[in-house]
Amino acid sequence: MTARNRQDKLAAKMIKPPIRIAIVGVGNCASTLVQGLSWYRRHQTQVGLMHPDIGGLSVADIEIACAFEVDTRKIGTPVAKAIFAPPNNARIFCPDPDDHGAMVHAGPRFDGVAAHLEHFPAERRAVTSDRESEPRIADVVGILRQSKADVLVNYLPVGSQKATEFYALACLEAGVAMVNCIPVFIASDPIWAGKFTSAGLPIIGDDVKSQFGATIIHRQLMALAEARGITVSSSYQLNVGGNTDFLNMLERSRLGSKKTSKTEAVNSQLHTPLDAGHIHIGPSDYIPFLNDQKVCYIRINAHGFGGLPMEVDVKLAVEDSPNSAGVVVDAIRCAWLALKVGVGGPLTSVCAALMKHPPQQFADTDAAAAMDEWIAAKTLLASQHR
Ligand SMILES: NC(=O)c1ccc[n+]([C@@H]2O[C@H](COP(=O)([O-])OP(=O)(O)OC[C@H]3O[C@@H](n4cnc5c(N)ncnc54)[C@H](O)[C@@H]3O)[C@@H](O)[C@H]2O)c1
């Protein structure tokens, strides 16, 4: 479909709230996002939000259209219930989220499930096994269209390269925008980005930068050291947690792009990035009793006035999944705003502000300001479209 045809189709669709989202991977991140939509609908508060309003839309204007999974404990059930099925262990702060009739559908497995999970039967004993009868792209596109999804949110496990590419293609085919929360490079890959641009569809990615997490704190400290004339000589960031994301990342072969994404996000804040031998960032271990809590240790070794050494140690303990949902609610509304005004391709400033591995890295304050400018300009444009 050409960009022109796409724009005609979008105009004909008269995009209007609620924003209907499709979720791929009904794990812990999906759980906190779905709970959060109802929680903000029921509580008139701005607590925990970076942008209470984007383009005239609040978090309450986001609604679930459908979801895709491979875990039989979740498939065939309403999304509002599936988010509480094991092995999900995110904190429950809204036990009865609104059920708008959105269901969890079976999706194809591809590389979504790590082989080593078979050694953790309690966590992963119910994955679909009949690969022959797995849905094809036409089935998924059909569900996206039928459920009137506007934006697809990708929450697949780290290492799901083929599965992510499958859903990116499904978005292009169905005319749906994409928010890619995982470190498979789509928005930051020129070929994939070009496909979204040609289709006139917005894409925001890659690898969501948590609201107040390890990456943003580490980046700010590195930038601060440099701004104050301190020379950073080496740094590490060790992360442990007890959710399935950390369990999945025990398989080191799935971690290539995660390490790249996290390391580049921090190193990009230095004028002279540290060489590979002097920076170590990544998921470090799986500690089941931590559940969805993530504990992060950041160390920065540096030299100050007179070349004298100094050290910074930071410990951060946070609930992991809500920390991403606070960012994803902004990404969804920006993707929708871009759809509304007919802007396709990677949204450069929004990606830089919200994602660890955007097409272009900015300093955090510049990214936030550029994103706010983008929102203001597109909101004005959207008001003229009404
Ligand atoms: N703060 C954060 O939590 C954070 C930050 C950045 C990135 N992320 C990324 O977001 C992603 C989701 O995180 P999570 O904690 O929800 O993970 P999770 O393991 O809880 O959920 C992933 C879900 O995907 C399902 N799945 C596996 N293969 C599938 C397939 N082919 N089709 C459909 N579903 C499939 C699994 O069954 C599981 O329910 C991960 O890649 C994670 O690294 C999270």
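The largest nonpolar core holds 91 residues, and V151, I204 and I332 have the most contacts inside it. Helix α11, which covers residues 320-341, supplies the largest share of this core, with 13 residues. Both domain 1 (3-210 + 322-385) and domain 2 (214-320) contribute at least three residues each to this core. A second, separate core has 11 residues, and A225, V232, I298 and I300 are included in it. As the structure is a predicted model, these descriptions refer to a prediction. Not counting residues up to four places away in sequence, I332 touches I19, I21, I62, V151, V153 and V179.

Next comes the division of the chain into domains. The protein chain is split into domain 1 (3-210 + 322-385) and domain 2 (214-320). Taken over C-alpha atoms, the centres of domain 1 and domain 2 are separated by 26 Å. The contact between them takes 27 residues from domain 1 and 28 residues from domain 2. On the side of domain 1 that touches domain 2, the residues comprise 11 nonpolar, nine polar and seven charged.

A pair of packed helices comes next. Two packed helices are described by the angle between their axes and the distance between the axes. Helix α8 (residues 214-227) packs with helix α10 (residues 256-267) at an angle of about 30 degrees, and their axes lie 8 Å apart. Angles under 35 degrees count as roughly parallel, so α8 and α10 are roughly parallel to each other. In this contact, T215, H218, R219 and M222 of α8 meet K262, A265 and V266 of α10. Sorted by class, the contact of α8 with α10 has three nonpolar, two polar and two charged residues.

Two buried residues can be followed in more detail. A149 sits in the loop between α5 (137-146) and β4 (151-154), and A149 counts as buried because 25 C-beta neighbours lie inside 10 Å. Leaving aside neighbours within four places in sequence, A149 is in contact with R20, I21, A22, A65, C66, L144 and V176. The C-alpha atoms of A149 and E63 are 9.4 Å apart, although 86 residues separate the two along the chain. N180, in turn, belongs to strand β5 (residues 177-180) and is buried, with 32 other C-beta atoms within 10 Å. Among the contacts of N180, leaving aside neighbours within four places in sequence, are N154, T164, I203 and D206. Between the C-alpha atoms of N180 and I203, 23 residues apart along the chain, the separation is 7.6 Å.

Some backbone details complete the picture. Most residues other than glycine have a negative phi, and most peptide bonds are trans. The peptide bond from P17 to P18, however, is cis, with omega near 0 degrees; P18 lies in the loop between α1 (3-13) and β1 (19-24). G205 and D206 are also joined by a cis peptide bond, with omega about 0 degrees, and D206 is found in the loop between β6 (202-204) and α8. D207 lies in the loop between β6 and α8, has a positive phi near 75 degrees without being a glycine, and is buried, with 27 other C-beta atoms within 10 Å. F110, which is not a glycine, has a positive phi of about 45 degrees. F110 lies in the loop between β3 (104-106) and α4 (121-124), and counts as partly exposed, with 18 C-beta neighbours inside 10 Å.

Note on methods:
Residues numbered from 1 in each chain as written. Predicted model: local features only at pLDDT ≥ 70, side-chain atom pairs only at ≥ 80, totals over all residues. Core = buried A, V, L, I, M, F, W, Y, C linked by C-beta atoms within 7 Å. Buried ≥ 20, exposed ≤ 12 C-beta atoms within 10 Å, placed from the backbone. Helix = DSSP H or I, 4+ residues; strand = E, 2+ residues; numbered from the N terminus. Domains from an automatic or database assignment. Contact = placed C-beta atoms within 7 Å. Axes fitted to C-alpha atoms, helices over the stretch in contact; angles between N-to-C directions. Parallel < 35°, antiparallel > 145°, perpendicular 65-115°, else oblique. Nonpolar A, V, L, I, M, F, W, Y, C, P; charged D, E, K, R; others polar.
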